[in-house]
Structure formats: structure tokens, C-alpha cells
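Dear colleague,

I am handing over the structure you find just below, and I would be glad if you kept it open while reading the notes after it.

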Amino acid sequence: MIRAVAIVLLATTAAAAQAPADFKVYDKPGDAGGAIIAEWKGLPDEGKPMAEGGVEYVVSLGLSKDGPWTEIERFPGTLHRKNEAPDLFGFSKSNDSEHFIELEGLVPPPGGPWLGTGRSLPTWVKLEVKSPAGAAVAGPLMAEAAPDWWSWNKSNVLLFILFFGGATFWLISKARRDPNIFVRRIPGLDAMEEAIGRATEMGRPILYLNGLNGMDSISTIASVSILGQVSKRVAAYDSQIMVPCYDAVVLSVCQEVMREGYTAAGRPDKYREQDAWFITQEQFSYVASVDGLMIREKPAACLYMGYYYAESLLLAETGGSTGAIQIAGTDSITQLPFFIACCDYTLIGEELYAASAYLSREPLQLGSLRSQDAGKIFIIATLLIGALTAAAGFPFVKHLMATF
Amino acid sequence: MEPFFKKLLAMDRRWIFLALGLAVIFPTFIHLNLPGLKPSPNVTAVYDLIEGMPEGSKVLVSFDFDPASKPELAPQGVAVLRHLFRKKHKVVAMGLWVTGVTMAKDIVTRSAKESNAKYGEDYVYLGWKPGNFAVIENMAGDIHGCFPKDNDGNETASLPLMKGIHKLAEFDLVVSLAAGSPGIDTWIAYGSDKYHFKMTGGTTAVNVGSMAQYVQAGQMVGLIGAMRGAAEYELLIDKRADAAAGMDAISLGHYLIVIFVLLGNIAYFVTRPRKGGA
Amino acid sequence: MEIFGAWLAVGLTLFMFSFLYKDNPFYKVGENLYVGITIGYFVIQLWYKTWIDKVWDVLKGEAHDRFLVLIPVVIGILLLTRFVPKISWMSRWAFAFVIGYGSGLAIPATLTTSVVIQAQATAKPLITMPDKSEAAAKATEGAKANAEKVAAAPAPAGETTEAKAKREEGVRVARYKYLNARSQSEYSFLTAYKDFTTIVIFVGVFSVLFYFFFSIEHKGPVRVFSRIGILFLMIYFGASYGNTVMGRLSLLYGRILDLKDYSRPMYGCATPVILVLMIAFLAFLHVKNKGKEEEHAA
Amino acid sequence: MVFLKRQLPLLICFIIGTISAVQYYIPTHLSSDVAEGLSNWYIIVAMFASLLGFVSVGMVHSKKIQRKEPGWAYSALVFLGIALMVVLGFWSGGKETYDDGRISPFGWLYNATLVPLQSTMFAILGFYVASAAFRSFRAKSFDAGVLLVTAVIVLLGNVPFTNYIWATGLGIHDIAGVKFEMTDIVGWLIGTPNAAARRGVTFGVALGAIATSLKIIFGIERAYLGGGD
């Protein structure tokens, strides 16, 4: 009986004494510097508990080939597998049985350049394998950490931008040659003309809001271009517009755009700078003011274009109670339902960006609408292929969509 | 009937405001105790944890929110404190948000008074110190050094309860009621992950999603979510209060809106000009 | 000070609420004070958090590149040329900076969070392949045994209705656990239901995208899909609206709780006193205005 | 001159835009420093933008007071608000709470005014969700009917008492193992069709945003410059 146990022990010792294959140490790719990676192939029995012949890996660092060594981490064979870090190793099946460890905080050579720009001291890594029966060592191997100039694992996003950008510019130049492009009806925008007309008849002003984001937001930029088109029509109808602003840069841009609109309509004399003004930069005090304004001035039409937050309903419901025609346009996913409920027309999401193209009918703008459609077709196709291949057991399309 | 419905359609919206206002105010005076609220597993986990600790356990309660989140988190705080005081645990309270200092003090003092807990022996309110996560790291080493005086200016070392507590790790449990960051995430990252004390807490409706991951990952035990969670906790400690009344008020509000919508639609269909009719 | 603060808070709260009745002098007071207070607050925040922290302290510091901080200051001052019409075009440089910064940041950020991650979540297999492994079968077997055991447990004598409801709930939970395990190891009704849900999401995303096609005429199959898309949008609007009511009413309740809190004598019964005074004043105003109207009519 | 007025802004926009987009792909410290630097610059520029706004608010209201326009006294309140905050703010050194935990006069004013004002406006939303629902949830068309029915189901399902009647009263728990309590129905509506539609809208929005950003960086979209020379 005792002899039998000894034989089993001997057998496991022989298995565990084997050093892991393919031990490699190298600079971590796509990082800011200061980190290296060690990787190796797993051992056959590493998944078992220690008592049944499993293994423990011990990783140590040193600044020379002969040490002295500092133990960095000690972990069982079930941890630190390469499949935990697809940003470094991708999705290969073999990752399930291979290990890696990231060693950070490497030091620069004394007096050398700072790690953000230079290489670290040559660093040696040693891997020890321990099991109840014995031990083995791989390495030590040397690597230097260096900063990298490109994150290759983000290439999928870049590729999409390049393709989409290319398509946009190509379709814009195509639209320049042949500006006859079909655009589907957007009822909210057709109603805008009507609303401006009605305001003129009633002798009441039009209220135009740009949303609560600053000029750096795409929604605001779209809103300001729509304001340009609206002020052209307001000038032509000789109506009046009020633009209370939430942000001073937006205010200034609005004034420029409105002046331009009035000039384009041939009525630069009618432009008044005080039609756009700044209220304040805090969500609810801005809304309290605008609500008061609505009740007192009773605008014939309220146009809400841009990005909104919780205040959307406070605006639209007050506007609705004054009997104004209300047209909203927002790409704020959370606030759309409230505008839909309270406004006569609502531009949903992307329609906000399409609006200025629709109103101006400029080929430049129309061309980019086509590229957006192309983008949608691309997304639909990718999703379809992704779902079908995933069902067939090939998740590679899904892996292409991984973000890091 | 038609004239009535016509009037209903043209109804001044202020009647709706009035009705809703009454529906929400009414349950704060007369508790309805509508049935149907079921304690969710996450809330029960918090309750079981506090219930299961031996009498006299040391618990740190951190009020990491400002008055804006008071409706959701104050009832949680009151319910948890009631439970803690009832189980005769020792409570040390504090906060990581500057703007919540006075509010937290009010909550702690009121709950303590109601449970006849004595200041300095059964509970202490330390108040706030600047530094976010640094406060936690500081407390991990030396609480007396971090808070030499309590919120009222008493020497911390002179308080009997604080004589037995010097380091964060000496607490049996830390409860963070957080409306964002610094809050539960900070306590976990700089506190419990490093110094291994038990951690639980509560948060607002918008944060439940992001905080729930810590429960799943086992970094904290249970989570009280929003006013509903507070109402469930009140149910568990069998002391219905603000949150339960709040759930009743909100329930009435929902029903009222549904009734208005249905009435509006009935009126719309009754008064709609019929085809071929006059 | 605390009592004065309570009166201020209650007063302003009721002033703002009075807008629900109609626009009135109280609301106007609240509204204009509110605007002033926020501006004052921003002035202080900007002075300490931006000017002192990000400009002044940097300039006073030792960093070799500290004078770089003057560039945004100059850009910022360019904005102020708006007040001098002759050179106001210089402010465009500042606009260009702000807009360029925002657009540049938006491209990779939007693409990652709104396109790639969302697409990854949508591209799921539409039909689940059952997990034929031994472990899955074992898990189902175990869950089944447990469900049967829980269901077979006899009801204790003299069980209260509450305890009975709890016990029955336990039986159901055990059964759901079993059915869930089974749906993974073999193709069951629950699996079909889960696949149905995945397909609904898929169809929803597609049809909504079809709705947004601008340069393609909506007729034929595109029309069918965009119609389905509209239905999905309607469900989204309805469900999101209904789901928000809870949060909004909680906040309203919280406000009312605060008002009730401030009715306590320790705050000098702020709420009822201010409320009564306001109602009296509004009633007085109402009567006075009515008198005026009648005068006009006469 | 035309260069300074038209081309230079476009050039600035192109350079800043490209830097802030490309920085996403460069992992070095230099790149993250540039990103941080740019965001700091942005904050500083934004401060001057706010200054621009404050000055224009001051001008609007002081004009009203000077000309004694109707309601000019309300404009005076704006200045009162500003003065209160600014004086107490500087007095308290911009801190809402002193380092020893005592609340400063600035913090006191913040708690006594801004906090209740903000939460009251939020609370008014509670009233508005009710009145908006009453006025606009009308089954005027099939589409509107779908919206209405979904909203009503979600409203009812979110109340624990409805679920109590449904599950305990009517005894409906599941259909062939698929959970079918009121809360499950609401969960499905929110998690499935609602999520799908949101995702669809998000895709569209993202494409539009990227296209617009590209047009701005490359100077095709230049409405923000206004007209003139």
C-alpha cells in the first residue's frame, strides 16, 4: 500500500518538474510604457487542486540575470489565462490553455529619460513552477518596457471611420455633380414653414431653443444650422424670433447665424442683436425663466432643437398650455418620449441632423445624408452576418466588433 | 353624457395638478399600507446581514449624498439606523459629501433619539473631512488622527465608543448610502478591497444598475435601491415610515394618471364627430 | 440661522410651485432670484475652480511649460471681442477651437460607445444551440430533483396565509430554476421564448434603422419595415414615458416630505404660515384685478 | 484679411479636431497629456464664455432697470441674487464647508436657496407628467394607440399593488414556465422592444454625429462661422 502511494508521488513529480513551454517576455504592445508581458503555455494538470497534482506559478523580477529576485505574484494554474485579455491576445482558442502576466511599474535607468518617452531598465523575469512534488524554472529572460505610438487593437474603429469618412466625401462630391437627390419627407420640417407663417399672421413671436449643450456638441451645431434656415424664413415673412440661450458661445454663434439668415433673405435691416440673449447656465433656472417667458409672451410657435435633459417636459408642457405650435428635434434618447407626447411634431434622433440638409437642400449636406444611409446599410449587413455566423458557431464577426 | 365629456376634454389642467397633489399628500398623513411590496433579494441580504451580527457589533454608516437625493436615500438611512439601534449595534456615522453634512446629522440624531440611543456610547457622528478617497485611506490607518474631533467639536478620543475603535478594519460592517461618487465605489476600492471589512449600502434609482455589479462580484453584500428599496426595508423591520408612505403616494399617483388617461380617451371617443352623423 | 434657512427654502419652494396655479408675482420673484443666485454661484465656482486652480496657480508654479496656459486665456479673451463690433470676427477663432475640440472627441467616442458596443450586443445567435455537455445535463437533473423536493414538502399544520404564500413562492422559484436549467441543456419552450426575444430585438433594430433611411423612398419592403419601425418607436416612447413616472413622482413626494418637515414648530411652522400668507395675497390680487376689469367694462 | 476671418478659423478647427480625434489611438503619455491639456484649455475658454454670458445678462437687466421698464424691480432681484452669492462666496473663500466640517455662509445660502429651487423644479415635473399624459395619450390613430397601451401597462405594472392583484388575486404567475406577472410584462417591454428601438435610434444618431463631425473638421459644415466676409 505504502509503495503504491510512493509510485503515484514519483509520477506527479516527473510531470510537474517539467518547465512550461514557450516562455516569452516582451514589451507590452500598445501601451504608454513601463510595462512588460510574460507568457507561457500551461501544463497539462494545472487545473487540478494542489493536492491532486495541480501547479502553482511564481513570477519573480530582477534587474540582472542572477538576481536578486523579487517575487511579484504566486497563483494557481487556473488563473491569468490569456483568454482574460483579448485586447492583447485576440480570441484564439489556444488562449484558453496559455498564461500571461502583466508586469507594471518598471523603472527607468538612473538619469535616463522619463518612462513616457524612453525605455525602462533591462528587466529579467523568472517563472517557477511548483507542485507538491517538485519544482521547475523557466527563464530568466530579459525585456525592456517602451512606450508605443499606436494602439493597434483599436483598428476596427479606425477602419470604420476611414470607410465611413471616405464614403461621406465621395458621396458629397457626387452630390455636387448631380444635386438631384431624393430625400424622404420629414413632416416636422414641412410644418416649420407653416408655423412661421402662422406666427406672422397672429403677430406673435417664434421661440427657438438650442438645447442645453454647449457649442462643442453635435446636437447644438445641428440646431444652430437649422436656426440659420429658420431665421431666413422669419426674415422673409417679417416675423419675430426669440432665442434665449443657455450658453454664451452658443449665443454668439446664434447671433452670427441669424445675421447671416437675415442678410440672405435680403432684410439685414430687420436683424436685431437683442433677439438672442443669454439667460443663465443652470438647467432649472434657465427653464424657470423660459417658462415664464412663454406664459408672458405667448409665442405662436415653439421650436426645441438640440440636446435636452429632464427639463424637456417642463418646456414642452408649458409651451403646450399656451396653445403654441410646437416642433421639437432632439437626439437625446431619454427625452424623446416627452417631446413626442407634448409636441405637434418631433424630429427623432438622426432627423435632427438631416433637418438642415432638408431645409437648405445644399448638395453638400444632401451628400452626407446618403453616406449616413450607406452607414445604416453597412450596420444592418454586419448585424445580419454577425448573427448568422454566430449561430453557426463562428463568432469572428462579433470579435471584429470588440472594443478595448 | 356628451356635454360632461366635452367639459372633461376641455378641463383646465390645474384640476389634474390639484388631484395629483392631493393623491401624493394624502398618504403622508394617513398610511394606506397597500399590499404587494415584496422585499427583493438584495434588500433582504442587507437585512439578514445586520440581523445576523452579534449584539454590539461596530458599524460605520457613511452618508454619501446631498439634499438632492434626500427623498430616496434618507428613508434608507432612517430604516437602517432603526434596525441597527434596535439590534443594539454601535453606530459611527459620517459622510463623504460636503453638502450632506447637516442633513446627515439631522437623520442620525432623530433616529437615535427615537431609539433612546446615547451619544458617545451608542452612536457618534463624526461629520465630514475633505479628501474623498484619501479620507478612507486615512481612516484605515488611524480614525482618531483623521477625525480628531467629532462634528460637534468633542474630542474624538474622549468619546467612550471611539475608545474601542482606532482603525477602519475594526468595524464589523460599513454601510455607504451613496448617490454617486465618492460613495460605494470609493469605499470598496479604497476600503473593503484592501482592509477586508464587510461592506453594504444603498443607492438611488439611477445608480442601481452600476452599483449592482459590486453585489454580483461579491464586493458588497446586498444593496438597497431607491425609495422602493427603502420601503422594502421598512417592511422587513416591520416599521412602515416615509418610504412606505411614499410608495403608497407614488402608487396612487400612477393610478390617478391611468384614470385620467382612460377618462380622456373615453371622452375623446364619445365626443368624436361620427361618420355620416351631424 | 437654521430657522431662517428653513423659511427661505420653504418660501422659494412655494413660490416656484405657485407657477402651477398661474404666473404671479411670487413666481416672478422666485424665477429672477433663481437666475441671479445661479449666476453668482457660477462666478464663485469659476473664480476658484477655474481661474485660481487652473490658471493662477499654474502660472505661479514652477512647471517649465506653465506659460502655455496663457494660450487658452488669449483664446478666451478673443471671445470677449464680441463686445467690440469692429473686431468681433476674432471671436470666430475661439468658436473654431471649441467646435473643433468637440467634433474631434465625438468621432471615436461615439463610434465606440454607440455603434460598436451596441452592435456587438445585437449580433447574437438568433437560435440557441442547446448545450449538450454532461455538466449541463447534470445541472438540469439537479435542479429538477430540487424542484420536486421543494414541491413535495408538506404544508405545516396551522400555516398562516402569509407563510403559505411564501412557501408557494419558494416552490415556484425552484421550478423556474429547473426550467431555466432545462432551457440551456435542451430546446424547450423557454428556449424558444428566449430566442423569440432575441429575434424581436433584432427585428426592432432593423426596422427602426429602415425608418431612418432618408435617401430611399419608403415604398415596397422598405415601407413595410419602416412601418414596423414606427410601431417599435411607439412602444419605446410609451414604455419609457410610463417608466419615468415613478422617478418623477418620487421627487415630488420628496419635496412634499420636506415641506411637511418644515411645518414642525422647531422651524416656526414655516410651511403653513407662508402658504396661508401667499394664498391670502393671491386672493387679494385676484379680487383687486377683478375690480379693475369691472371698472374697465363700465 | 479674408484669411484671418474665414480660413484661419477653419484651419484651427481642423487642427484641434484632428488632434483630439487621433489622440484616441496613441497610447503614450504625451498623447494623454495633450488630451488633458486640451480639456483644461477648453475649461479655461469656457470660463471666458461664461463671463461673456454674465456680462450680457448684466447689460439686459441693467437696461431694464435704467429705463424703468415694467417689471424692472424683478430685474433688480437678479442683481440681489448675484450679489448675495458673490459676497458670501468670497467671504467663505469659495468653500461650502470649512476644513473643520462647519458649514460656511456660502454653503448655507446654497442649501437654503439652490437646493430647494432645483428640487422644486424637478418636483413640478411630477405634475407635468400627469397633465401631459392626460392631454396627449389619445388613441387618435393606431400608432398612438400602441403608445397609449404600452404606457398604461407600464404605469400599472410599476405599482406593486397591481402586481399583487394580478399574482395573488388572479393567481397568474407564468405561462408554461415563462414568467408572466405584471412586473415581468413591464420588464419585457422595457428590455425588449423598447431597448431595440432605442438601439436603432442610437445607431442613427451616432452615424449622423460622426458625419457631422467629419464635415466640421474638414470645413464642409461651416454654419457656425455665420456669414459675411
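What follows is an account of the interface of chain D and chain C, and then of a nonpolar patch on the surface.

Please keep in mind that this is a predicted model. In it, 114 residues of chain D are in contact with 110 residues of chain C, and the two chains bury about 10400 Å² between them, 80% of it on carbon and sulfur atoms. Between chain D and chain C there are 20 residue pairs in polar contact, counting pairs with both residues at pLDDT 80 or more, and two salt bridges are found across the interface. D:Asp143 forms a salt bridge with C:Arg227, where the closest N and O atoms are 3.0 Å apart. As for the side of chain D that touches chain C, the elements giving two or more residues to that side include helix 2 (29–66), helix 4 (105–136) and helix 7 (182–217), and also strand 1 (174–175) and strand 2 (178–179). By class, this side of chain D has 76 nonpolar, 29 polar and nine charged residues.

Turning to the surface, a nonpolar patch with about 1000 Å² of accessible area together is formed by residues that include A:Trp149, D:Met1, D:Phe14, D:Ile19, D:Val34 and D:Phe218. Helix 1 and helix 2 of chain D are the elements that give two or more residues to the patch, and helix 1 of chain D gives the most, with six residues. D:Ile19, one of the patch residues, lies in helix 1 of chain D.

With best regards

Conventions. Residues are numbered from 1 along each chain as its sequence is written. Chains are lettered from A and ligands numbered from 1 in the order in which they are written. This is a predicted model: local features need pLDDT of at least 70, side-chain atom pairs count only at pLDDT 80 or more; totals for chains, interfaces and linings use all residues. Side-chain values use heavy atoms; hydrogens and water are left out. Contact means heavy atoms within 4.5 Å. Buried area is the accessible area (1.4 Å probe) that two parts lose on being put together, summed over both. A salt bridge is a side-chain nitrogen of Lys or Arg within 4 Å of a carboxyl oxygen of Asp or Glu. A polar contact is a pair of N or O atoms within 3.5 Å; within protein, one must be able to donate a hydrogen and the other to accept it, and residues adjacent in sequence count only if both atoms are side-chain atoms. Helices (H or I, at least four residues) and strands (E, at least two) are DSSP runs, numbered from the N terminus. Ala, Val, Leu, Ile, Met, Phe, Trp, Tyr, Cys and Pro count as nonpolar, Asp, Glu, Lys and Arg as charged, and the others, Gly among them, as polar. Patches are made of residues with over 30% relative accessible area and no salt bridge: like charges are joined within 9 Å, nonpolar side chains (Val, Leu, Ile, Met, Phe, Trp, Tyr) within 5 Å. Accessible areas come from the Shrake-Rupley method with a 1.4 Å probe; for residues, only the protein chains shown count as cover.
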